[in-house]
Amino acid sequence: MNNNAMIKGIAYYHPERKVGNEYFIEHFKKQGKDINGLLKATGRKERYISDDEQENMLTMGYMAAKEVLAKTHVKASQLGMIVFSSGTPEYIAPSNAIKLHSMLNAAQKCAVYDLNANCAGMTVALDQVSRVMRNNQNLKYALIVGSDQLNRYSRYREAITYSNFGDSACAMVIENVYNSNRGFVDSDFYTNSSHHDKILLPAKGMSNVIKDRSLSTQDKLVRWDSFDLSGAFYSAKISIEEILFRNNLEKSHIKKYFLSQFALNNIKMVAEDLGESMDKFTFIGDEFGYTGTTSPMLAYARSVENNELEIGDYVIFWTVGAGTTCVCCLYQY
């Protein structure tokens with residue numbers, strides 16, 4: 001057996017302010033819109049939204065990072081890599097990972113970088129960091145942090161974003177473990193870029209935000225045009241079956257699925273496509289809303305909290321990012 005990358009611990013942070021569906025129902029009713037059907041399809045009940053002007057994705061990520069380091073008893077000075085995933089970065093330069101490195105007082109012998117695969121980011125980071133660790137036995141601990149404030153960038157007149165998104169941060173310590181098969185197993189990707197113009201942030205592009213002083217506020221926020229996401233979610237079935245075939249596993253070997261929390265109906269569709277029971281799919285979107293890059297990892301964290309996993313259990317992470325691009329990871333707990 002060789003070395004492998006294992007999730008040593010996971011923690012998350014969310015703002016204190018909890019907002020229920022009633023607020024959004026009334027908000028859009030004033031615009032002559034009934035969003036009850038949308039809320040039912042997405043499975044929304046509550047979501048956490050920051051009302052602190054001083055709070056941003058970086059400060060939220062720091063809170064989650066501090067928590068996971070304390071939980072795992074890993075010192076920031078022991079980290080050999082910090083990867084920060086966000087689709088709503090506070091800074092372009094320097095990287096948010098550099099900022100976090102300073103906030104944590106991490107060591108100098110540490111690789112740091114930001115990763116933006118939008119909502120797929122943390123799962124992509126798990127794949128990348130795990131594969132780097134497999135080929136670098138000197139890298140003992142890595143920190144993956146994901147944080148998004150999607151609600152803050154939503155247009156008040158667009159229900160699919162404004163009523164759907166919540167704020168959260170999540171952090172994982174990844175440990176390079178020797179002589180163990182547990183941890184990261186394999187990954188699979190699917191990209192169909194035909195929808196590259198359907199979700200845009202900022203709506204008019206960063207160059208226009210900088211140079212066009214007359215640009216309206218809404219053109220600096222998310223533009224979300226309606227499009228068919230069913231193909232992306234159907235690709236989950238293809239990727240999951242492919243990754244199981246490659247590793248001589250059956251669906252019966254999978255204890256839990258941690259999928260994008262974009263909509264409950266989408267998770268039900270994947271479960272039906274796979275012929276799997278919904279009991280195997282963790283859904284936390286009714287409590288957290290849709291949180292972007294952190295969403296499948298929050299589902300994993302909740303299952304760990306509830307002691308739903310045993311040593312040796314196989315789990316699947318799958319999620320989708322804007323554009324669209326999908327990532328699937330097979331992991332042994």
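**Rings and loops, a quick chat**

Colleague: Which residues do the ring pairs link into a cluster?
Modeller: Rings of Phe, Tyr and Trp (its six-membered ring) pair if their centres lie within 6.5 Å. This is a predicted model, where local features need pLDDT of at least 70, side-chain atom pairs count only at pLDDT 80 or more, and totals for chains, interfaces and linings use all residues. Residues are numbered from 1 along each chain as its sequence is written, and side-chain values use heavy atoms, with hydrogens and water left out. The cluster is made of Tyr23, Phe24, Phe28, Tyr156 and Tyr162.

Colleague: Are the rings of Tyr156 and Tyr162 stacked, edge-to-face or tilted?
Modeller: The structure holds 18 aromatic pairs. In the Tyr156–Tyr162 pair the centres are 5.0 Å apart and the planes are at 50°. Under 30 degrees would be stacked and over 60 edge-to-face, with the rest tilted, so this pair is tilted.

Colleague: Of Tyr156 and Tyr162, which is buried and which is exposed?
Modeller: Buried means under 20% relative accessible area, exposed over 50%, partly exposed in between (1.4 Å probe, protein chains only). Tyr162 has 7%, so it's buried. At 55%, the exposed one is Tyr156.

Colleague: Which residues does Glu158 touch, leaving out those up to four places away in sequence?
Modeller: Glu158 is in the loop between strand 6 (141–149) and helix 6 (159–162); helices (H or I, at least four residues) and strands (E, at least two) are DSSP runs, numbered from the N terminus. It's buried, because its relative accessibility is 17%. With contact meaning heavy atoms within 4.5 Å, Glu158 touches Phe28, Val222, Arg223 and Trp224.

Colleague: How far apart in space are Glu158 and Leu143?
Modeller: In sequence, Glu158 and Leu143 are 15 residues apart. Going from C-alpha to C-alpha, the gap in space is 35 Å.

Colleague: What is the phi of Asn105?
Modeller: Asn105 sits in the loop between helix 4 (96–104) and strand 5 (111–115). It's exposed, because its relative accessible area is 64%. Its phi is positive though the residue isn't glycine, and lies near 60°.

Colleague: And what's the phi of Asn118?
Modeller: Asn118 is in the loop between strand 5 and helix 5 (121–134). At 27% relative accessibility, it counts as partly exposed. Phi is positive here too, although Asn118 is no glycine, at about 55°.

Colleague: What's the omega of the cis bond from Leu201 to Pro202?
Modeller: Pro202 belongs to the loop between strand 9 and helix 7. The peptide bond into it from Leu201 is cis, with omega near -5°.
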